[in-house]
Protein chains: 2
Amino acid sequence: MAGSAGDLVRLVAKGHGRSRAELARLSGMAPSSVSLRVEELIDAGLLREDGEGASRGGRRPRQLRLHENAGVVVAVDVGTHHLRMAVLDLAGRVLLEHELPGDITEGPEQVSERLLEHVRMTLRQATVEQLPLLGVGIGMPGPVDPAAAKVIAPSRMPGWNEYPIGRRMSELLGVRVVVENDANLMAVGEHRYGWPDRDNLMAVKAGTGIGCGIIASGKLHRGRGAAGDISHVPVHVPEPVTCSCGHSDCLEAHASGAALRRTLRAQGIEVSSSRQLVELVNDGVPEVTTLVRNAGRLAGQVLTPLVNFFNPDVLVLGGGLSAAEPFVAAVRGAIYERCLPLATRDLEIATAVTGRDACMLGAGALVLDEVLASEWVDDTLSAR
Amino acid sequence: MAGSAGDLVRLVAKGHGRSRAELARLSGMAPSSVSLRVEELIDAGLLREDGEGASRGGRRPRQLRLHENAGVVVAVDVGTHHLRMAVLDLAGRVLLEHELPGDITEGPEQVSERLLEHVRMTLRQATVEQLPLLGVGIGMPGPVDPAAAKVIAPSRMPGWNEYPIGRRMSELLGVRVVVENDANLMAVGEHRYGWPDRDNLMAVKAGTGIGCGIIASGKLHRGRGAAGDISHVPVHVPEPVTCSCGHSDCLEAHASGAALRRTLRAQGIEVSSSRQLVELVNDGVPEVTTLVRNAGRLAGQVLTPLVNFFNPDVLVLGGGLSAAEPFVAAVRGAIYERCLPLATRDLEIATAVTGRDACMLGAGALVLDEVLASEWVDDTLSAR
DNA sequence: CCATCTTTGTTCGGAATCGAAGTTTTGTGT
DNA sequence: ACACAAAACTTCGATTCCGAACAAAGATGG
């Protein structure tokens, strides 16, 4: 019925449309139509007025925002050793957030059971108790087929291949569920929360594994579904290490958190997580620092041609290793040294603005996009 | 006035909308509105009916096409040693086409003078004499700033830096002129004429230089303006050769047509053009074949990570060297050997469908997009 | 402090768009 | 050969949407 109500809601959600006049400009609709439509959306409980903004030389705009009681989404970041979860309102603001340890190798049944339990528990908390759940976004540390909402051909997740986690959660929670790769989500999250005006962005997630998410023209680029893989690019190293893919000079086999821990173990230094690795770097343990710096150099070596090729506005460095300054410095150095001046002139290289939350927030942003693009908006409108 | 007439024309132009019913489905407009609007467009001379199509179980559709007398665009491919030119109708069909030798090092004044003269001469030919010129698309063999319609920082085009060829042609011809890099245009041309349903495509142009054009989600990806550069990626070679960028292991310095000719000259074999190079390969001259195969291997080595990263549907090989079978075979081999199975499983690797016309046709497609997205459609409608 | 210009938002009549029902023309099944 | 379904348009009344003028609120500048 109401053809373009969704457009208006989406503009408000992204923070681009803050007043009726601005919505009219951005949506191309007539100011009068926008006014009417906004009135309906307010009546339906989707939008609400939020005081007045600053004048720009005339009457002050009556600011609009999404009504905080309209509904919430749940965003989940499933890591190899943790489960992070948040409840977001429709504008993407975090209402609740918590993390618990986990182990993805326990297998899909175990993990999704635990996940489900925690989602339900979280939704019973006072802050969000009465609010309808509209969707769930889940990030997984491996290749994902978003259409089927399954993990496919994962390397460090035994038992997960083809497990239909999306369908399962969707059936049990009764809402739409989107599943996506964690590096892709990091790109989405950083784009949405950190660099909303930069339409071409690469986000490198260097943690236990190494992956990259791509935002092209403001949208997540998936290619045929596997885009962003940088883990099996050959790098220049003296000693070959056999990778899971069968080659011996893959970036992942030499520069991932897992690879670094393996090397340290051979030197008699036992490290259990990427976080501990970074602590050792910050404590100034020379062997570890050298290793991490070298990993950064290798990552930079791989990223250089990709930056020339894709020519992004921003290169975001995230994941556990990005908390280690030598890693970041080495990546920066390699890129500035070897990329074309034309490609680096206006390039921003930054660590993740949203830090450890990037993937989780990306999951939220993705499912929010889906919800706001769905029939839900029109249905809610016509329901009252 | 007529808000969405342009959408309909564009759908017909792209070949997606072939009947009123199909247009209604694709545009989202009501069938009745489409019918009325189409009637107007036919009256205005923009569309015409073109017989009936095959039935799909009911009444046969009355097929629509752009009226061939509505106007034309000129597409130009400025090469280092040639000038190719065509006149296209609004649907992108070639009406006239011709090539003449040229030398880009003569400088911008000389070349654009010659270009202008030939455009004017071509437009006086009987086939297109009465038809209004609506735009010109120009491809240049170097980096281009499309917004300013200038060449920037070219390496093999002395005198061209910042030369405002777009503005100059536009002033003298009185129509809009778009200027774009040749590899980008090859991607556009191949996407439009060869792989219209594949939305992610890489087109490698291996001729005198080496470049790559990117189609992401169906649109030309420009990044910050320099996207697609693969010429200065380091490759593994025994003997360093200093490149114009100051490094010694750039792909371009070892695998471009210019580099191969230089190497052959050192061996006492004088070759004047990429075409002659390919002839020698086809004649089975072993030194040349080895060299070209090695160039293909190097190009493949550079493309491998890019294919993993971008994960396209299609990789198009074009430019002079792509006519040499050993070059193509070596690229294919390198990619299938080292890319991820997930990335190559559904990947098509093909030589340019439109052959030597790719860049020129891409220039036409690009300017056609601009014309059909401009006010021209609405103006023509309201003019009668 | 008042006139003027800007910007925001609303009112209301006319025009464009929709959508449901109808017409035309064809495949399909019996 | 016939009824029936299906697809491609067309007609026409009901609705929506636009756009120009207006009202509200405030900045600017003498």
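**Figure 1. The protein surface near DNA strand D.** By class, 5 nonpolar, 11 polar and 6 charged residues make up the surface near DNA strand D. Please keep in mind, here and in every view below, that this is a predicted model. Of the 22 residues around DNA strand D, the nearest are Ser32(A), Ser33(A), Ser19(B), Ser32(B) and Gly58(B). Two or more residues each come from H3 of chain A and from helix H2 (20–27) and H3 of chain B. H3(B) contributes the most to the surface near DNA strand D, with 3 residues.

**Figure 2. The protein surface near DNA strand C.** Let us now turn to the other strand. Around DNA strand C there are 23 residues, and Ser32(A), Gly58(A), Arg59(A), Ser32(B) and Ser33(B) come nearest. The elements giving two or more residues to this surface are helix H2 (20–27) and helix H3 (31–43) of chain A, along with helix H3 (31–43) of chain B. H3(A) supplies the largest share of the surface near DNA strand C, 3 residues. The residues of this surface divide into 5 nonpolar, 12 polar and 6 charged.

**Figure 3. How the two protein chains are related.**

**Figure 4. The side of chain B that touches chain A.** Here 30 residues of chain B are in contact with 30 residues of chain A. On the chain B side, strand E11 (210–216), helix H10 (286–310) and helix H12 (341–344) each supply at least two residues. H10(B) provides the largest share of this side, 6 residues. By class, the side of chain B that touches chain A has 17 nonpolar, 8 polar and 5 charged residues.

**Figure 5. The largest nonpolar core.** This core holds 236 residues, of which Ala299(A) and Ala299(B) touch the most other members. Not counting residues up to four places away in sequence, Ala299(B) touches Val204(B), Ala206(B), Ile210(B), Leu251(B), Ala255(B) and Val331(B).

Figure 6. Among the residues of helix H1 (residues 5–13) of chain A, Ala5(A), Leu8(A), Val9(A), Leu11(A), Val12(A) and Ala13(A) are buried. What covers the buried residues of H1(A) includes H2, H3, strand E1 (47–52), strand E2 (62–66), helix H13 (358–373) and helix H14 (376–383) of chain A.

Figure 7. Trp376(B), Val377(B) and Leu381(B) are the buried residues to look for in helix H14 (residues 376–383) of chain B. They cover an arc of only 135° around the axis, so they lie on the same side of H14(B). An α-helix has 3.6 residues a turn, so residues three or four places apart point the same way. The buried residues of H14(B) pack against helix H1 (5–13), H3, strand E6 (133–140) and helix H13 (358–373) of chain B. Exposed Asp379(B) and Ala383(B) sit on the face of H14(B) turned away from its buried side.

**Figure 8. Two loop residues with positive phi.** Asn311(A) has a positive phi of about 55° although it is not a glycine. Its place is the loop between helix H10 (286–310) and strand E13 (314–318) of chain A. Asn311(A) counts as buried because 26 C-beta neighbours lie inside 10 Å. Ser217(B), which is not a glycine, also has a positive phi of about 55°. Ser217(B) is found in the loop between E11 and strand E12 (219–220) of chain B. With 14 C-beta neighbours inside 10 Å, Ser217(B) counts as partly exposed.

Figure 9. Leu100(A) belongs to strand E5 (residues 94–101) of chain A. Is Leu100(A) buried or exposed? Leu100(A) is exposed, because 11 other C-beta atoms lie within 10 Å. Leu100(A) touches Leu83(A) and His118(A), not counting residues up to four places away in sequence. Arg84(A) is 16 residues from Leu100(A) along the chain, and their C-alpha atoms are separated by 6.5 Å.

Key: Residues are numbered from 1 along each chain as its sequence is written. Chains are lettered from A and ligands numbered from 1 in the order in which they are written. This is a predicted model: local features need pLDDT of at least 70, side-chain atom pairs count only at pLDDT 80 or more; totals for chains, interfaces and linings use all residues. A residue is near a molecule or strand if its C-beta atom, placed from the backbone, lies within 6 Å of it. Helices (H or I, at least four residues) and strands (E, at least two) are DSSP runs, numbered from the N terminus. Ala, Val, Leu, Ile, Met, Phe, Trp, Tyr, Cys and Pro count as nonpolar, Asp, Glu, Lys and Arg as charged, and the others, Gly among them, as polar. A residue is buried if 20 or more other C-beta atoms lie within 10 Å of its own, exposed if 12 or fewer, and partly exposed in between; C-beta atoms are placed from the backbone. The arc is that of the directions from the helix axis to the C-beta atoms. Two residues are in contact if their C-beta atoms, placed from the backbone, lie within 7 Å. A nonpolar core is a set of buried Ala, Val, Leu, Ile, Met, Phe, Trp, Tyr and Cys residues joined through C-beta atoms within 7 Å.
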